[in-house]
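Look at the model first, then read the points below.

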Amino acid sequence: MVELRRSSKRWLYPENDPAAAALAHSAGIPLIVAELLLARGLRSTEQAVRFLHPQLGDLHDPYAMLGMASAVARVQKAIEHREPTLIYGDYDVDGTTATVLLKTAIEILGGEVRYHIPHRIHEGYGIRDERLAEAAADGTRLVISVDTGIRAFAAAEAAEALGLDLIVTDHHLPEQSLPRALAVLNPNQPGCGYPCKHLCGAGVAFKLAQALLESRDKERARKKILPSFLKVLAIATIADAVPLLDENRIFVALGLDGLRRPVNAGLRHLLMVADLDPSQRRLTPTDVAFRLAPRLNAAGRMDIASDVVELLTTRQPQRARELAEKLERLNTERRAAESGILTEIEERMGGSDWRNDHCMVMDGDGWHRGVIGILASRIVDLTGRPALVISRENGEAHGSGRSIPGFHLLEAMESCQDLLTRFGGHAHAVGFSLPSKNVPELRERLNTFAKARLTEAAFTAQVPIHALLPLDRITPALFTWIRRMEPFGLSNEEPVFAAHNVRLAAPPRYFKEKHVRLQLAQGPRASMFPAVGWNKAETVRSFGLEEGSILHLAYKLRENEHPEFGGLELEIVDIKIAHEAEEESRPLEMIASTDRPGS
């Protein structure tokens, strides 16, 4: 037989949880679903049922969030006395949609709202003193920050000096102390017992909106208003890549369902320019993350983010169409700017031994600051290492960073805070600025920090296997159960299954040069399944697979809805040749269950 090349990726198998059988029996679910739920930290029957059947009634009491009572009372006072309220947002999807949600809620209750979304290039991230002074001069007495403010110590002092009451709503990690504000709403602040710690900024703003609306008419809020808010909130929650568990799962599950019937003119036209028709198929988090969110983010990256607020609040269909088309043009410009800089970065990496670096820090003159965050993500994908991308201009440097699992990027930045002018973020993403002259030292110190915490094993490509599922155990009923775990996303990843000793029942068929289709068989009944490998043609060719080859398969379950050859199929994640496969951490005989509840 032809010498075959082994897959370089390491498959990671879960530990067997002895509680799975009991949960499967008590909840009336298949054992494999119980295993997947336990891996997500859901250990009780009640938790399992809530997860599989998300509903609005399972939202947490907003008053469980520290500071909520004071915030609600102050906003109600502003509404009652017709005091104008300034909402101070941020320029990404999370910040703009948070502004939309809170603005809409206050206006429904009769309040007067003004808002400010800072310009990414001219103002940068955070609350500016001069904007607060302008608001005070215009008669504003209440300022509410959304998706920003948890580290705005100087701005809080400026607000106090101007006679402004400040309410901070944010989700980013705080420092040891908090800004001096009338109220701080952040589930991550010390002493806050709010159960869901992973809300995005729009999620925190939504909780304030929920409390305000329910205090006026709880039944109407629950039946009519809040469900309409979830469409926008789902987009923000997915775009901000927070864990899709607990309340976030409810937001996204119900919000995506609501997007099947969009009423909002801006949402309708946004879907049109993104070439998404929710009447034809279910929208997924992937659609939001790669089709809707980039267009909304393009406003703040390339122009003014306030266009997003206008898009999602205008009641004029013609204006909504104009704004959606503008976002489409800006997104095209964004892709072009990103592509040019990425080419420069790849050429630079090609001429250096970047594998000596544990943290990638790439900087350049005049790089468009609107795309450096996206480029940091691209470098993470290319290298498997945490990455920062920095744009230098007129002696100042502005950067954005993205991380990998197991490396807390905000802590890394805190170790270098003496070099920075300002910074903020969380474990997975940061934004910062510093004098250009400090960039070389920042690169050196971050590498030292990373080398003390990351081994070479952290950079090895890995395939998390969520359960063993032989092909002859796959049934339509089991697939229906797996679908109930949607929507998938961070911390609720789409399950990757493994099937060992699978036989290739026919020669591989290649299409469009880079993709491949396989016919696979396994088990005493020789159950046949079609499998598709997107961008896997080169891998399959290098393995020299032929009819009768025995392999181990990592895959996802799919349903092909084609009218002629539809049905269940497999999407190939990775392949190992059976006789060359490495010893895995879980015995082959530990096999996942069928579709029978409790089996």
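Helices are DSSP runs of H or I with at least four residues, strands are runs of E with at least two, and both are numbered from the N terminus. Val273 sits in helix 10 (residues 265-273). This is a predicted model: local features need pLDDT of at least 70, side-chain atom pairs count only at pLDDT 80 or more, and totals for chains, interfaces and linings use all residues. Residues are numbered from 1 along each chain as its sequence is written, and side-chain values use heavy atoms, with hydrogens and water left out.

**Helix packing**
- The axes of helix 5 (residues 93-108) and helix 8 (residues 201-239) come within 7 Å and cross at roughly 165 degrees. Axes here are lines fitted to C-alpha atoms, for helices over the stretch in contact, with angles from 0 to 180 degrees between N-to-C directions.
- That makes helix 5 roughly antiparallel to helix 8 (angles over 145 degrees count as such).
- The contact of helix 5 with helix 8 involves 21 nonpolar, three polar and two charged residues.

**Buried faces**
- Helix 4 (residues 68-80) has 13 residues and reaches 18 Å from first C-alpha to last, close to the 18 Å expected at 1.5 Å a residue. The expected span is 1.5 Å times one less than the number of residues.
- Buried residues of helix 4 are Met68, Ala71, Val72, Arg74, Val75, Ala78 and Ile79. Buried means under 20% relative accessible area, exposed over 50%, and partly exposed in between (1.4 Å probe, protein chains only).
- Down the axis of helix 4, its buried residues fall within an arc of 165 degrees, so they line one face of the helix. The arc is that of the directions from the helix axis to the C-beta atoms.
- In helix 16 (residues 439-451), Val439, Leu442, Leu446, Asn447, Phe449 and Ala450 are buried.
- The buried residues of helix 16 fall within an arc of 160 degrees, so they line one face. Glu444 and Thr448 are exposed on the other side of helix 16.

**Val273**
- Val273 is partly exposed, with a relative accessible area of 21%.
- Val273 and Lys326 are 53 residues apart in sequence, and 9.8 Å apart in space from C-alpha to C-alpha.

**Backbone geometry**
- The peptide bond from Glu486 to Pro487 is cis, with omega near 0 degrees. Pro487 lies in the loop between helix 17 (476-483) and strand 14 (497-504).
- Asn501, in strand 14, has a positive phi of about 55 degrees although it is not a glycine. Asn501 is partly exposed, at 42% relative accessible area.
- Asn535 has a phi near 60 degrees, a positive value in a residue other than glycine. Asn535 lies in the loop between strand 17 (527-533) and helix 18 (537-543).

Methods:
Angles under 35 degrees count as roughly parallel, over 145 as roughly antiparallel, 65 to 115 as roughly perpendicular and the rest as oblique. Ala, Val, Leu, Ile, Met, Phe, Trp, Tyr, Cys and Pro count as nonpolar, Asp, Glu, Lys and Arg as charged, and the others, Gly among them, as polar.
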